[in-house]
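Let's take a friendly walk through a structure by asking what lies behind the labels we give to its parts.

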Amino acid sequence: MKLKESIPGIIVVLVIAVFSYFISTLHASFDALVISIIIGMFIGNVLSEKNHFVSGIETGIKIFLPAGIALYGTQLFFNELRFSSILTIFLVFSCMFSLTLIISKIFNLNRKISILLASGLSICGASAIAVISPLIGAKREDTSISIISVMMLGLIGMIFYPFLYDILSLTKNEFAFLTGTTLPMLGQVKVAAGSICPACLSTAVKIKLIRISFLIFLVTIAVFLSGKEEKKVKVPWFIIVFLVFAVIVNTTRIFEPFLEHLKNASSFFLSAALAAIGFSVDLDSMVEQGITPVAVIFLSWGVIILSTYLILSLF
């Protein structure tokens, strides 16, 4: 009976995930995770009667979110790291994460949404938020508003960055560094850097991949912060699998023939999970946050952009 009750909700999130994944293949700037959570929120708040979907929605979150996070470990490659540049990129990541936490505190945002905003902005947007959210026990509304806030910044930045190239008279390498270290999502980095030249695109993507690999540090920080708040540290099983996969892909070639399939599976599962999270979100609860999360993201981003430009101009 339990399985029968779950079928309608599971079908809904799977259909949303399939549609979102298809849309994401049309353009590099489209992120399946972001599309899924937005569609899920829309459908969940438009339907007047959704009780018969609740069981399946809850089941979907419990199944797809851990699976997606665990498989995401196969996407972290540390062979991209070069000590000549890793410290500089890590410094930008650390400053962006810390600054967002500080500004969030100034704006009186709660601890968990602050961590989600900092994670999404400093690493890899919706993917980082999806990974960190269950670690800190974030509310679904916090997860949703964090993803949407980071998405808004990324889309605006993707359009705005090419103008910075001319306005600030940046070199191709400087622009690639700025793009790779400060835009939240890989697709946005590709679009912005690719608008300048292929060489700029190649450099920016390499920098972004190094930045994504820092997710391993972010997971550790999130576990520590959540443990600090609850007076104890809990490491979910899927994070252990996530770490094991990350070690395996960087020390062996066992998964090499399947990496693309594992990447697609991780993206699909996370999309399904975020569709379920979006479906169960109460928009009224999100409205209570107002535009504060968006303001925090843009303010932190602006300070980092200005600081990075000043440093680049000096050296």
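**Labels and the values behind them**

Q: Is Arg253 buried or exposed, and what makes it so?
A: Arg253 has a relative accessible area of 68%. The label exposed applies over 50%, so Arg253 counts as exposed in this predicted model.

Q: What makes the contact of Glu256 and Arg253 a salt bridge?
A: The N to O distance between their side chains is 3.8 Å. The cut-off is within 4 Å, so the pair qualifies as a salt bridge.

Q: Why is Glu256 called partly exposed?
A: Its relative accessibility is 46%. Exposed needs over 50% and buried means under 20%, so Glu256 falls in between.

Q: How many salt bridges does a search of the whole structure find?
A: The search finds two. One of them joins Arg140 and Glu58, with the closest N and O atoms 2.8 Å apart.

Q: How do you know that the pair of Arg140 and Glu58 links distant parts of the chain?
A: Arg140 belongs to helix α7 (residues 140-167) and Glu58 to helix α3 (residues 51-72). The two residues are 82 residues apart.

Q: Why do Arg140 and Glu58 count as partly exposed?
A: Arg140 has a relative accessible area of 26%, and Glu58 has a relative accessibility of 26%. Buried would require a value under 20% and exposed one over 50%, so partly exposed is the label for Arg140 and for Glu58.

Q: How do you know that the protein is as compact as a globular protein of its length?
A: First, the secondary structure: there are 15 helices and zero strands. The radius of gyration is 19 Å, close to the 20 Å from the globule rule for 315 residues, so the protein is as compact as a globular protein of that length.

Q: What makes the phi of Asn108 worth a look?
A: Asn108 is not a glycine, yet its phi is positive, about 60°. Most residues other than glycine have a negative phi. Asn108 sits in the loop between α4 (83-106) and α5 (111-124). With a relative accessible area of 69%, over the 50% cut-off, Asn108 is exposed.

Q: Why is Ser169 called exposed?
A: Ser169 reaches 61% relative accessibility. That is over 50%, so the label exposed holds. Ser169 lies in the loop between α7 and α8 (172-182), and its phi is positive, near 55°.

Definitions and conventions:
Residues numbered from 1 in each chain as written. Predicted model: local features only at pLDDT ≥ 70, side-chain atom pairs only at ≥ 80, totals over all residues. Heavy atoms only, no water. Helix = DSSP H or I, 4+ residues; strand = E, 2+ residues; numbered from the N terminus. Buried < 20%, exposed > 50% of the residue type's maximum accessible area, 1.4 Å probe, protein only. Rg over C-alpha atoms; globule rule 2.2 N^0.38 Å.
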